Amino acid sequence: MKRNLTYFGSIVFAALTLSVAFACDNDDDRYKMPDDVQWRSSGKAAGTIVTTPYDQHLEVPARKASNQFVAHTVEINNREVMNFCLEFDPVRMHSRWVAFRFDGDTRTKSVARGDEPFTDDPKLPNSMWVGSSSFGWPYSRGHLVASADRLFLRQANDQTFYMSNISPQIHSFNAPYWSKLEAIVQNHGRNTSFADTLYVVKGGYIDDESDLLGYEMRGNGKRVAVPGHYFMALLRIKGKTYNSIAFWIEHKDYGYTEDYEVPKTVFQDNHQVVSVDELERLTGIDFFHNLPDDVEQKVEAEYSEGLWLN
């Protein structure tokens, strides 16, 4: 999607415009970008949204003013590092999206999955707390940011058990189907030969009431939306090369059991691989909007299944 961005100084804008180059040396069209570009978010289209420094991160989508933004952080070597962030819908009682990255700070596997109990998100007002109990059958408490996505620090893993990061997922969908795609992304994110930084946005689609499978009633009287589809949008940076891909997956039982190894080709076979542009059309979410407009248009319009799924 084309978006208007405010750049700091006409010189920076001119230099950026001149430096975008198209590389076509293989069949997964790639784009060259300068190392020293600092992406900026103007926030001018945000309406009543109060912008934060995290809104400048490439992984953070354009936000919806009626929802609650939360960023969970940890400290690494006396630096505050964003673990993940989310946009919580207080009507659906479900996050609209979660966003995070695999980079030099966050890609390592230093801890195992913890046994931190599920709990309400302390950064949300208690009017948005849904309680930590299990969902009714056939739904399990499915992580959006997977526990296995955040293994670089104990606190980072513990934060994934906040209920703002949990979705009612059909048990057999959660594992092994959705978790298969998560494992592919984790492998790419931790592979420095694949990406310097891998930006990830995930979610259950909740904006269209008619697409929901319904609501799960909670003990405190709250209702949590059950998405009819789940999605991922991925942006890879390797050197000066940018690539993106997206997934739009119906929430249903695909007939796999937990002890079955789901093949990588299943997402292609089920026609669940799309461009980021197409995912934006399906969800109404503007992903990677902090990229310069001309770069965003090119990178989001195409994808290579071979690059991501081989």
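## Strand S12 and its partners

Strand S12 pairs with strand S13 (residues 273-274) through two bridges, and the two run antiparallel. Strands are DSSP runs of E of at least two residues, helices are runs of H or I of at least four residues, and both are numbered from the N terminus; two strands count as paired if DSSP finds at least two bridges between them. In this pairing, Phe-247 stands opposite Val-273 of S13.

S12 also runs antiparallel to strand S11 (residues 229-238), to which ten bridges join it. Lys-238 stands opposite Thr-241 in S12. The hairpin of S11 and S12 has two residues between the strands, and Gly-239 there takes a positive phi near 65 degrees.

## Basis of the model

The model is predicted: local features need pLDDT of at least 70 and side-chain atom pairs count only at pLDDT 80 or more, while totals for chains, interfaces and linings use all residues. Residues are numbered from 1 along each chain as its sequence is written, and side-chain values use heavy atoms, with hydrogens and water left out.

## Burial of S12

S12 (residues 241-250) is largely enclosed by the rest of the structure, because nine of its ten residues are buried (under 20% relative accessible area, with a 1.4 Å probe and protein chains only).

## Helix H5

In helix H5 (residues 276-283), the buried residues are Val-276, Leu-279, Glu-280 and Thr-283. Seen down the axis of H5, they fall within an arc of 105 degrees and so line one face of the helix; the arc is taken from the directions from the helix axis to the C-beta atoms.

The cover over these buried residues includes strand S5 (94-102), S11, S12, S13 and helix H6 (293-301). After H5 comes Gly-284, with a positive phi near 75 degrees.

Note on methods
Buried means under 20% relative accessible area, exposed over 50%, partly exposed in between (1.4 Å probe, protein chains only). Contact means heavy atoms within 4.5 Å.
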